[in-house]
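This report describes one model through its salt bridges, its sheet and the elements around that sheet. Please keep the structure open while reading.

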Amino acid sequence: MADFFQNGVITTLNKIRTDNVERLEAQLRRFNEVSPISLLLPCLYSELEGPALRNIVDVLSKVDYLDEIVVVLGRAHTSEFLHAIDFFSPLRNCTILWLDSPRMKAIFKLLDENEIQVNIPGKGQAVWIGIGYILGKRRADTIVLHDCDILTYDSGFIARLCYPIANPSFDYEFTKGFYARASNRLNGRASRLLVNPLSRALRHHAGQGGKHPFLDYLDSFRYALAGEMAIRRELARINRIPMDWGLEVGTLAEVFRNSSTKRVCQVEVCDVYDHKHQDLSADDPGGGLFRMSIDITRSILYTLASEGVSFSAGFIRSLTAAYLRNAQDAIVHYHAVASYNGFQFDRHAEETAIETFAEGIKIACEVFLQEPLESPQAPNWNRVAAAVPGLMGQLVQAVAEDNANPSVEILTGELKERV
C-alpha cells in the first residue's frame with residue numbers, strides 16, 4: 001500500500017486504494033459531459049505490431065468517459081494508414097492524425113514557409129501537432145497524453161491520469177503520472193541515474209544555500225521522465241514543446257514557467273510499470289540513452305539560464321565530476337533497495353550507465369557553452385495562430401478529410417480515389 005506523505009513543492013496523489021476505479025470512472029463520465037476530455041496517443045506504425053498497443057486498444061474500447069481519442073500516427077505509408085484505421089476501429093470517437101499524408105505534408109510546408117520550424121520527426125512533433133489539432137476543434141478542456149508501448153496498462157491507469165485535471169473541484173492545470181519502474185530489477189536508469197543526481201549536482205551552483213526554485217520543483221517529481229501527463233487547454237495553448245529527447249523535462253520546464261507549482265500535481269497511476277526499454281548505446285552519442293542524456297542535460301541547463309543562472313566555463317567543466325559523485329552514491333542506495341526486494345542488480349551495468357551519462361553531460365555542456373540560448377522547441381500555438389491565421393482550422397479540416405476518405409492511393413504525387 002502506498003503512503004500519503006507529501007514532500008517537495010507539488011501535490012502528490014498516491015494510489016492508496018485499489019478498489020475505487022469504478023468510482024473514478026463514474027465521476028469522469030459526469031465531468032466529461034460539461035468539460036470534455038481528449039486522449040492524445042503519439043504512435044509509430046511499428047507499435048501496432050506489438051502486444052502493448054493491442055492491450056491498450058482493448059482497454060480503451062471499454063472506456064466511455066472520453067470525448068475523443070486522437071492517435072498521431074508516424075512513419076506509415078498509405079496501406080499502413082488504412083491498416084491503422086481498422087486497428088483502432090474498436091475505439092469510440094477515434095480520429096487518426098496521419099503525419100505522412102499529403103494533406104499533412106502540405107500543412108508542414110505552410111508552417112515552414114512562415115518560419116515555424118517544426119518539421120523534425122519524433123515524439124515532440126507528434127505531441128505538438130496533436131495538441132494543435134485538439135485545440136483547433138475547440139472542444140476539450142482536458143488533454144491527456146500517454147505512450148503506446150505500456151505493457152502494464154489497465155483501466156485504472158487512464159482513469160487516475162485523467163482525474164486530477166478533469167475534476168472541476170480541483171484547481172490543477174497540469175499533472176504528471178508516476179509509478180515504480182521495476183520488474184525483476186530496477187529500471188528507469190535515465191531518471192534515477194541521470195536526472196536526479198544531475199539536478200542535485202546543479203544545486204550547489206544554481207541557488208543560494210543549495211536551492212533553486214526550478215531544481216526544487218524538478219526534484220519533487222517521483223518520475224520526471226514519465227511520458228504520462230494531463231493538461232488544461234489554456235496551459236497547453238501557451239506551452240512550447242521540445243522537439244528532442246528533452247521532451248518530458250522540457251515540458252516540466254514550460255509548465256514551471258507558465259503556471260504555479262500550486263497548480264501542478266503528480267498522480268500514482270499504477271503499482272508497477274513496464275514498457276519498451278531504450279538501449280544504452282554507450283558507443284553512439286546519436287542514439288539510445290546516450291543521446292537522451294545529452295538532450296536532457298541541455299534542456300535543464302537552458303532552463304536554468306533562462307531563469308537567470310549564469311554558468312562559468314569552470315563550473316561547466318566541474319559539473320561532470322559533481323554528477324559522478326552523486327550518481328555513484330545513488331548506486332549504493334539502489335543496490336540496497338534491490339537487495340531488500342530480492343531483485344537482480346548488475347553493478348557493472350549501473351556503473352557503465354553513469355559513465356555514459358557523464359560523457360553525455362560533458363557533450364551537452366560543450367554544446368551549451370557554444371550556443372547557450374539555442375533550444376529545439378516548437379513555438380506555442382498562440383504564436384502559430386498569430387503567424388498563420390486559419391492554420392488550426394486547416395489542420396482540423398485536413399485530418400477530417402484524411403479520415404473521411406481513407407481508401408486512397410498515392411499515385412504520381414496525387415490523391416486518387418481507389419476504384
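Arg 263 and Asp 171 form a salt bridge whose closest N and O atoms are 3.0 Å apart. A salt bridge here is a side-chain nitrogen of Lys or Arg within 4 Å of a carboxyl oxygen of Asp or Glu. Arg 263 sits in the loop between α10 (247-258) and β9 (264-272), and Asp 171 in the loop between α6 (155-166) and β6 (174-180), so the contact ties together parts that are 92 residues apart in sequence. Helices (H or I, at least four residues) and strands (E, at least two) are DSSP runs, numbered from the N terminus. Arg 263 counts as partly exposed, at 26% relative accessibility. The classes are buried for under 20% relative accessible area, exposed for over 50%, and partly exposed in between, with a 1.4 Å probe and protein chains only.

## Basis of the model

The model is predicted: local features need pLDDT of at least 70, side-chain atom pairs count only at pLDDT 80 or more, and totals for chains, interfaces and linings use all residues. Residues are numbered from 1 along each chain as its sequence is written, and side-chain values use heavy atoms, with hydrogens and water left out.

## Other salt bridges

The structure holds 23 salt bridges. One of them joins Asp 402 to Arg 103, with 2.6 Å between the closest N and O atoms. Asp 402 belongs to helix α15 (residues 391-404) and Arg 103 to helix α4 (residues 102-113), so this pair ties together parts 299 residues apart in sequence. Asp 402 counts as buried, at 3% relative accessibility, whereas Arg 103 is partly exposed, with a relative accessible area of 22%.

Glu 254 and Arg 240 also meet through their side chains in a salt bridge (3.1 Å, N to O). Glu 254 is in helix α10 and Arg 240 in the loop between α9 (233-238) and β8 (241-242); the two are 14 residues apart, and the pair links distant parts of the chain. Glu 254 is buried, with a relative accessible area of 2%, while Arg 240 is partly exposed at 24%.

Strands of a sheet pair through backbone hydrogen bonds, either parallel or antiparallel. In this model, eight strands form an open sheet with mixed pairing, in the order β1-β9-β6-β7-β5-β2-β3-β4. Two strands are taken as paired if DSSP finds at least two bridges between them. The edges are β1 (11-13) and β4 (94-98); each has a single partner strand, so one side of each is left without a neighbour in the sheet. Neighbouring strands are turned by 20 degrees against each other on average, direction ignored. Axes are lines fitted to C-alpha atoms, for helices over the stretch in contact, and angles run from 0 to 180 degrees between N-to-C directions.

## Strand β3 and its surroundings

Strand β3 (residues 68-74) pairs with β4 in the parallel sense over five bridges; Val 71 has Ile 96 of β4 as its bridge partner. Helix α3 (residues 78-87) packs on the sheet and touches β3 and β4, its direction making about 165 degrees with that of β4. Contact means heavy atoms within 4.5 Å. Helix α5 (residues 123-137) packs on the sheet as well, touching β2 (37-44), β3, β4 and β5 (142-145), with about 150 degrees between its direction and that of β2.

β3 also pairs with β2, in the parallel sense over seven bridges, and Leu 39 has Ile 69 of β3 as its bridge partner. β2, helix α2 (residues 51-60) and β3 make a right-handed β-α-β unit. The crossover from β3 through α3 to β4 is right-handed too. Right-handed means that, with the strands pointing away from the viewer, the path from the first strand over the helix to the second runs clockwise. Seven of the seven residues of β3 are buried. Glu 68, Val 70, Val 72 and Gly 74 point one way from the strand, and Ile 69, Val 71 and Leu 73 the other way.

## Strand β6

Six of the seven residues of β6 are buried, so the strand is largely enclosed by the rest of the structure. β6 runs antiparallel to strand β7 (residues 229-232), joined by three bridges, with Ile 231 of β7 as the bridge partner of Phe 174. Six bridges join β6 to β9, and these two strands run parallel; Phe 178 stands opposite Glu 268 in β9.
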